[in-house]
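Thanks for making time this morning. I would like to walk through one structure with you, slowly, and let me begin with a definition once it is on the screen.

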Amino acid sequence: MSDARYPVLQMPSAHEVKTRIEAAIPGAQAEVDTADEVHFSALVRAGAFEGLSRVQQHRLVYDVFEGELGGAIHALALKTEVS
Amino acid sequence: MSDNEIRTAIAEAISDNDVILFMKGSPASPACGFSARTVAMLEALETPFAAVDVLPDPRIRQELSALSKWPTIPQLFHKGELIGGCDIITEMYESGELATTLGVDAPDDAPADAPAGGELQPQSAPMGIENRLA
């Protein structure tokens, strides 16, 4: 049981990062790796990327973790592809 | 300098310089591996670029990200448009697209894989944004 007076900082798992990307971007498939649970690398394929620049594609993924990049997620190395 | 003035100075720097990199540290002494790698790629292409260190004042990064809608550093702009951060620049360097986009001919001795970048240096002394934008 966690003690409410001492909240534990939740570290996202690679699986959680993958699930959140796939839930937020329709039709997305993500492969996520992490060695230390703070630095993540992700390959995201999505039909929603069609017609978007790389910058716009990456923004869609960054938006999923707004406010967490630089915090619980130190770094997210990203590669995007149109599926 | 107010937040608004910082944002205006950043916007002017982006429009005044064809190629401008916002980074941690300076090209000669980068303070982050991603910034170091991005500098190394631009140098491998022998393309001139302006550089702004975001570290001296946290508001530089804050205002830049608000302007560019991009959360991370480095950020490379070409002719007023954000081309990307380290991941995108690496992908574009290795495909040859970076040279094409920047309108430069890659030198014959430019490595095919993105260069790793030099050793990281301790953070340089604080410096006003005005000086970096000159």
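Two strands are taken to pair if DSSP finds at least two bridges between them, where helices (H or I, at least four residues) and strands (E, at least two) are DSSP runs numbered from the N terminus. What you see is a predicted model, in which local features need pLDDT of at least 70 and side-chain atom pairs count only at pLDDT 80 or more, while totals for chains, interfaces and linings use all residues. Residues are numbered from 1 along each chain as its sequence is written, and chains are lettered from A and ligands numbered from 1 in the order in which they are written.

Let me start with the sheet of chain A. Three strands form an open sheet there in the order E1-E2-E3, with mixed pairing, and its edge strands, each pairing on one side only, are E1 (29-34) and E3 (75-82). Strand E2 (residues 39-46) of chain A pairs with E3(A) in the parallel sense over eight bridges, and within that pairing Ser41(A) has Ala77(A) as its bridge partner. Helix H1 (residues 14-24) of chain A packs on the sheet, touching E1 and E2 of chain A, and its direction makes about 155° with that of E1(A); here contact means C-beta atoms, placed from the backbone, within 7 Å, and axes are lines fitted to C-alpha atoms, for helices over the stretch in contact, with angles from 0 to 180 degrees between N-to-C directions. Helix H2 (residues 54-64) of chain A lies across E2 and E3 of chain A, at about 125° to E3(A).

Turning to chain B, we find six helices and four strands, which run α-β-α-β-α-β-β-α-α-α from the N terminus on. The axes of H2 (residues 33-44) and H4 (residues 86-95) of chain B come within 10 Å and cross at roughly 30°, so H2(B) and H4(B) are roughly parallel to each other, a term used for angles under 35 degrees. The residues making this contact include Phe34(B) and Met41(B) of H2(B), and Ile89(B) and Tyr93(B) of H4(B).

Ile89(B) also brings us to the largest nonpolar core, which has 30 residues and counts Ile89(B) and Val54(B) among those with the most contacts inside it. Such a core is a set of buried Ala, Val, Leu, Ile, Met, Phe, Trp, Tyr and Cys residues joined through C-beta atoms within 7 Å, buried meaning that 20 or more other C-beta atoms lie within 10 Å of a residue's own. Leaving aside residues up to four places away in sequence, Val54(B) touches, among others, Phe22(B), Ile60(B) and Ile73(B).

Methods
Buried ≥ 20, exposed ≤ 12 C-beta atoms within 10 Å, placed from the backbone. Contact = placed C-beta atoms within 7 Å. Parallel < 35°, antiparallel > 145°, perpendicular 65-115°, else oblique.
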